[in-house]
Amino acid sequence: MLEPGTKLGRYDIKSLIGAGGMGEVYLASDPKIGREVAIKVLPSDVAGDAERLARFEQEAQAAGALNHPNILAIYDIDTHDGCTYVVSELLQGDTLRWQVGGGPLAVRRATDYAMQVAHGLAAAHEKGIIHRDLKPENLFVTKDGRVKILDFGLAKLTEPDGNGGGTEMPTRRIKTGSGTIMGTAGYMSPEQLRGQPVDARTDIFSFGAVLYEMLSGQKAFLRDSAADTISAVLREDPPDLSDTNEAVNPGLDRVVRRCLEKNREQRFHSASDLAFALEALTGIRTADSNATAIMTAPVSAVTRKRDWRTMVPWAAAALCLMAAAVFGWLYFTRAESRGEVVRFAIAPPPKVGIGEAMAISPDGRYLAFEAVGTNGLTTLWVRPIDSIESRELTGTGGAALPFWSPDSRHLAFFADGELKRIDVAGGPPQKLAPVSADTRGGSWSSNGTIIFTPGVTEELFKIAATGGVAEPVTTLDEKRGQTSHRWPDFLPDGRHFLYFGRGNNKELEGIFVGSLDGGEPKFVVGSKIRAEFVPDATGGVGRLLFV
């Protein structure tokens, strides 16, 4: 065991979090980035086996390349003094195993978790990565209700552990007529148990077993021994969900049954199809419907230090534009859906008022907004779209104009004369670049670049999302009489971006397209304030929304 204060590469070990068959997990700090991380130290038998270690590193690197809010982020893989370790994001919460240990989950919570897992699997499957060992122990629920899939590729490393008896069966090697396979009895698919080739539908079977357990409080195929459990997976169907949970509707039961089909040809063919089926069935997420919303923002009793009479029309226009962008996206990404109207109010948390700016996360699941306390201090709050509970992000005092990272895991904002970023799951903010006391927005691209307006009379600047030196990315056009470039918005390619060019000649103000690669900007349309682009999920032409 590593003692607190031990240096592992550049990381400082702080304390032991847990230990198991796959090694010890430590809380550590990364002084280079200024954040806390989790470090898993692999067992000596794994680190000493060159073939197994190489296979693990290959799969861990593939999983590390995944960039999805429902998959544990892998930061680093390295060896120090013969000790092989994996560095990942630090999670606060519990495994799903702990949550389902006391009986069935509420149907709404179970389906919410299930949809998150399905979206994470879909992202992995698109990259050709199969988990092979999906089970409640490998699913983690953070304190804010986000589900993270853990341990892609680790199943291949686990050695046999006893006879596999008991109620909590470990990942283990199992001999079959076709060879040796890895997995956990009770969650492995029939083809996996037979040693046949696996694909995305293998994970879908395991998903079905996990969802059955969340809804019923009972394992779908667990028997007294590993051999009996394997036989049940191959030959038996689990009891009807209605026998153990009357709240489960027949449609949800059919989704679970389809996941657990013995013949994989009869299962959902992709995790994306599975996620869509759950969303259509439960209605928890509104992204697949033609949605209209009424957003109400109560006026704060605390007045900002600026002339509110001049800000009201522009703030109203910005809110209308944001609502149009959000619900334009909802409309155009599922244009075939019709008829469902969704209305909701954005109420302030206790003792605070809604501020001027808000931002919907790219995955459509979260709302970030400014809130003003009775002391006049603005902080950032985050609220799931399908919840009425909001959570304050600590360390965001004085924050303004938040905008999301493409993976919906981080927020950037302006405060105390700095451009900052913060992990929405928790942790202190990181300073990125100095700005003036009055800025005009930023945007975060899929290639890890942030563009922002450092002041109201400046051009746009760019900087790496991890920090560094900021440099201009646009030049004010003197022929147009431009005095400011504002409200950048990256286009889907991550290289081009929209921005509002303001100037002395109001007739020449409007929306332009610029590029990180430089070159002459292109004038798009005349406007008096920002614009936003709504991509088409089917690959067609997107929409430009502007006032």
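Colleague: Quick one to start: is Asp416 buried or exposed?

Modeller: Asp416 is exposed, with a relative accessible area of 63%. Buried means under 20% relative accessible area, exposed means over 50%, and partly exposed lies in between, using a 1.4 Å probe and protein chains only. Before we go on, this is a predicted model, in which local features need pLDDT of at least 70 and side-chain atom pairs count only at pLDDT 80 or more, while totals for chains, interfaces and linings use all residues. Residues are numbered from 1 along each chain as its sequence is written, and side-chain values use heavy atoms, with hydrogens and water left out.

Colleague: Where is Asp416, and what is its phi?

Modeller: Asp416 is in the loop between S17 and strand S18 (418-423). Its phi is positive, about 55 degrees, although Asp416 is not a glycine. Most residues other than glycine have a negative phi. Strands here are DSSP runs of E with at least two residues, helices are runs of H or I with at least four, and both are numbered from the N terminus.

Colleague: What about Ser408, buried or exposed?

Modeller: Ser408 is buried, with a relative accessible area of 1%. Ser408 also has a positive phi, near 65 degrees, and is not a glycine. You'll find Ser408 in the loop between strand S16 (400-404) and strand S17 (410-415).

Colleague: Which residues does Gly397 touch?

Modeller: Leaving out residues up to four places away in sequence, Gly397 touches Leu377, Thr378, Thr379, Ala415 and Asp416. A contact means heavy atoms within 4.5 Å. Gly397 and Thr379 are 18 residues apart in sequence, with their C-alpha atoms 4.8 Å apart in space. Gly397 belongs to the loop between strand S15 (391-392) and S16, and is partly exposed at 24% relative accessible area.

Colleague: Changing topic: in what order do strands S7, S8 and S9 sit in their sheet?

Modeller: The order is S7-S8-S9, in an open sheet with antiparallel pairing. S7 (93-95) and S9 (147-149) are the edge strands, each with a single partner strand, so one side of each has no neighbour in the sheet. From one strand to the next, the twist averages 25 degrees. Two strands count as paired if DSSP finds at least two bridges between them.

Colleague: How many bridges join S7 to S8?

Modeller: Three bridges join S7 to strand S8 (residues 139-142), and the two run antiparallel. Thr95 stands opposite Phe140 in S8.

Colleague: Which helix lies across S8 and S9?

Modeller: Helix H4 (residues 107-126) does, running at about 35 degrees to S9. Axes are lines fitted to C-alpha atoms, for helices over the stretch in contact, and angles run from 0 to 180 degrees between N-to-C directions.

Colleague: How many helices and strands are in the protein chain?

Modeller: The protein chain has ten helices and 29 strands. Of its 547 residues, 50% are buried.
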